[in-house]
Amino acid sequence: MLGILIGMLVCLLLPVYEAWQDDDIWQKILAFASIETKTSMIILVVAVLRDDWMIGLVGVIILSVGNAALMLLANVIKRLNDVSNRGFYG
């Protein structure tokens, strides 16, 4: 089981490296969404190993609500880019 957790942590670092290389905001948002999903899965695995349902509940909340917040942020950034390109009243 420890090997699975180490493998999951290594996979967690791949999107960080990709976001670090690219300057595109959409690539960074996708990388952070991937990091959030993988982190919540690690939390769920730890919760099963420890037989602690409170940690599992936190992982489920992060998994269900975290991506919605990132999609809202992506929509706000998209709208701000649209406004800056065509003007506020245009």
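First, the ground rules. This is a predicted model, where local features need pLDDT of at least 70, side-chain atom pairs count only at pLDDT 80 or more, and totals for chains, interfaces and linings use all residues. Residues are numbered from 1 along each chain as its sequence is written, and side-chain values use heavy atoms, with hydrogens and water left out.

Start with helix α1. It covers residues 2-21. Helices here are DSSP runs of H or I, at least four residues, numbered from the N terminus. Helix α1 has 20 residues and reaches 30 Å from its first C-alpha to its last, close to the 28 Å expected at 1.5 Å a residue. That expected span is 1.5 Å times one less than the number of residues.

Which residues of α1 are buried? They are L5, L12, P15 and A19. Buried means under 20% relative accessible area, exposed over 50%, and partly exposed in between, using a 1.4 Å probe and protein chains only. In general, an α-helix has 3.6 residues a turn, so residues three or four places apart point the same way.

The face away from the buried side carries exposed L2, G3, L13, L14 and W20. C11 is also in α1. C11 is partly exposed, at 37% relative accessible area.

What does the buried side of α1 pack against? It packs against α2, residues 25-50; contact means heavy atoms within 4.5 Å. Helix α2 has 26 residues, which should span 38 Å, and its end C-alpha atoms are 37 Å apart, which agrees. Its buried residues include I29, I35, E36 and A47. Just after α2, D51 takes a positive phi of about 55°.

On to helix α3, residues 53-86. W53 lies in α3 and counts as exposed, at 65% relative accessibility.

Last, the patch. W53, M54, L57, I61 and V65 form a nonpolar patch on the surface, with about 550 Å² of accessible area together. Patch residues have over 30% relative accessible area and no salt bridge; like charges are joined within 9 Å, and nonpolar side chains (Val, Leu, Ile, Met, Phe, Trp, Tyr) within 5 Å. A salt bridge is a side-chain nitrogen of Lys or Arg within 4 Å of a carboxyl oxygen of Asp or Glu. Areas come from the Shrake-Rupley method with a 1.4 Å probe; for residues, only the protein chains shown count as cover.

Key: Helices (H or I, at least four residues) and strands (E, at least two) are DSSP runs, numbered from the N terminus.
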